[in-house]
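Please examine the sequence and the structure below before reading on.

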Amino acid sequence: MRALIRYGGGDFRAGELKRYVTVVSLGFWGLIFIAWLSYPKDHHYSIMTHTFSFLGSFEGKHNPRWWWIFSIAMTFWGCAAMPLAFYIHRRFAVFTKWGARVGTLFLLMGCTGIVLVAVFPDARGAVIGTWEWTEIHEKVAIIAAAGFILGNTWHGLLLVADAFSSRWTGVAPRPARRAILWPYLFWVTLTGIAAYFLITWEFLYAEMKAAAHASGAHIGSSWSEALNTRYSFPLWENITIYTLFIFLIWFTLALPRGEGDAAPDRNR
């Protein structure tokens, strides 16, 4: 029980962090795999045409019987990621207490958004007044994405600032600091590629729509026309979610530990 309390506050001892992220990874992706297996075969789930959240949609055309498995998975991920946010806070508090607090707030915002994504599935039907499940789902998904994007970016800026000020002196040698760059390179590259294709598609679709109207031809929505192409929103949404999960685990493990962790400089 004491160990669980420590974990909740991000206080992992030697070897515990690796075991924790291993259990979290196997647990989350194991549940997602079960959700995928439970998705009706005749509904043809594909990342080229189906968003990640469709695994947890109780609509008849998605996963009406086993949708709740996805909700359990997302709730598990959102809650299990909170101790990692606190662990990251402990590492950054070594050289910037206020910066660590800001970053933690962003990450906790992302974690909360993930849990709310589980609470409000992507499905039609009124849930609060005239608000539909899918409307709330879209908004909390934005909260989740914004929290992690802001959190990851903020921590990256803190690392850049530290590279010039050397306030992490004694906590990590230069090679260890450079190791932190690899998860960022991974995350920024794939997220940037996703943004490129999705933004490019908006311009291409506008040209296609204009040409179709000029010729009197019919054209589908921006969403439908992009499906099964490299501009598919579901494709890049799935990829960015996978990327985010990998980044969070990789970045957490890459953060250096040191004697200074237990006693940060209170004058900074």
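The model is predicted, so local features need pLDDT of at least 70 and side-chain atom pairs count only at pLDDT 80 or more, while totals for chains, interfaces and linings use all residues. Residues are numbered from 1 along each chain as its sequence is written, and side-chain values use heavy atoms, without hydrogens and water.

**The helix pair**

Helices are DSSP runs (H or I, at least four residues), numbered from the N terminus. The axes of α3 and α8, lines fitted to C-alpha atoms over the stretch in contact, come within 10 Å and cross at roughly 40°.

| Helix | Residues | Some residues in contact (heavy atoms within 4.5 Å) |
|---|---|---|
| α3 | 67–92 | including W77, L84 and F92 |
| α8 | 233–254 | including I241, L248 and F251 |

**The nonpolar cores**

A nonpolar core is a set of buried Ala, Val, Leu, Ile, Met, Phe, Trp, Tyr and Cys residues joined through side-chain atoms within 4.5 Å; buried means under 20% relative accessible area (1.4 Å probe, protein chains only). The largest such core has 53 residues, and Y20, F28, M74, W77, F92 and F251 have the most contacts inside it. Helix α3 gives the most to this core, with 12 residues. A second, separate core of 10 residues includes A194, F197, Y205 and I219.

F251 touches I88, F92, H155, L159, I180, P183 and Y184, leaving aside residues up to four places away in sequence.

Conventions
Axes fitted to C-alpha atoms, helices over the stretch in contact; angles between N-to-C directions. Helix = DSSP H or I, 4+ residues; strand = E, 2+ residues; numbered from the N terminus. Buried < 20%, exposed > 50% of the residue type's maximum accessible area, 1.4 Å probe, protein only.
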